[in-house]
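Subject: Structure handover

Hi there,

Here is the structure I promised to pass on. Please open it alongside this email, and my notes follow below.

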Amino acid sequence: MTNRNRMEITVIAWGATIISLKFPDKHGRTADVVLGFDDLKSYMNPSINPFVGCILGRCANRIRNGYFTIKGKPYQLTINDFNKHHLHGGTRGFGRRLWESCIDDCSVVMSYLSKDGEEGYPGAVLTAVRFKLTSENKLEISIQATTTKPTIVNISHGSLFNLAGHDAGKEELLKHRITLNSDRWTFADYTDPLPTGDIREVGGTIMDLRVPQFLDKCIEKVPPGEGYDHNFCVTSNWHGRSGYVAQAVHPRSGRFLEVYSNQPGVQFYTGGRLPCAEISPVCNATIEAGTR
């Protein structure tokens, strides 16, 4: 997908994955600003691809011990995180499946039917994801799902951004200025990234990103030193529609990214667990990119 502003997005059917998102900086130089791989074989290799740029589901983020109950009936999911938890839908979640795809007007629509019992989940789930690029540099990602049984459905998308360019590395990543529209976060023990259930205020802590912060001033202060991989509670808006979630700015290139969503939480991840070193049944998110 391309628009008149030289923004270009490439999506593949494996995992409904965004493999490239290109747009020019303030000097007119175009770069790819999402992480990815050079070939399909690498995308399909779970040892080097921990859910980069793909759909996260049937349940994004972690489920403690891969275990839950619905109406008193227990369900055991596959374990694929720290040898104890279930992460992003399991070893063969939505991001590691081949999706059906079609072009609908100015959008790309992808769909996947998850069978009853897949990765341990009850119920068949039919999911459709619509990617739409607008002339205003908005990438709209709309996700809808229907199920045949009571189940867990919490789907997101996992593109990882470096606005300096995907190959600019850690040095330029640390020069990003980050803002989160969040006054609370779901507390997690430093030795285990899974939330305890305690919701805490961000004020006066390293989790307070309501005022813009450069990553090089805060990332290494986050215990235990691996940067951010935390869930934040988005400050609700009064109108109930998609609201402002976050902003990232890379001053040197002039590129900025804004995220809008109708969901109550956002996972802020700075890539500390990447090798060699990564947003319900109805989910709508809008990513706006541009230059300043």
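**The pocket between the domains**

The lining of the second largest pocket is made up of two nonpolar, four polar and five charged residues (Ala, Val, Leu, Ile, Met, Phe, Trp, Tyr, Cys and Pro count as nonpolar, Asp, Glu, Lys and Arg as charged, and the others, Gly among them, as polar). Before going further, please note that this is a predicted model, in which local features need pLDDT of at least 70 and side-chain atom pairs count only at pLDDT 80 or more, while totals for chains, interfaces and linings use all residues. Residues are numbered from 1 along each chain as its sequence is written, and side-chain values use heavy atoms, with hydrogens and water left out.

Among the residues lining this second largest pocket are Asp25, His27, Glu172 and Arg255. A pocket here is an open set of points on a 1 Å grid over the protein atoms alone, with protein on both sides within 12 Å along at least five of seven lines; a cavity is a set where a 1.4 Å probe fits but cannot get out, and lining residues have an atom within 4 Å of a point. The second largest pocket has a volume of about 180 Å³, a volume being the space filled by probe spheres set on points joined across faces, edges and corners.

Where does the second largest pocket lie? Domain 1 (1–161) and domain 2 (169–275) both give residues to its lining, so it lies between them; the bounds come from an automatic or database domain assignment. The domain centres, taken over C-alpha atoms, are 20 Å apart. In domain 1, 21 residues are in contact with 19 residues of domain 2 (contact means heavy atoms within 4.5 Å).

**Two cavities**

The largest cavity holds about 120 Å³ of space. Its lining has 15 residues, with Pro224, Gly227, Asp229, His230 and Arg273 nearest the centre. By class, that lining has seven nonpolar, three polar and five charged residues.

The second largest cavity holds about 50 Å³. Its lining includes Asn61, Asp229, His230 and Gln267, and divides into three nonpolar, five polar and one charged residue.

**Histidine 85**

Is histidine 85 buried or exposed? Histidine 85 is buried, with a relative accessible area of 0% (buried means under 20%, exposed over 50%, partly exposed in between, with a 1.4 Å probe and protein chains only).

Enjoy exploring!
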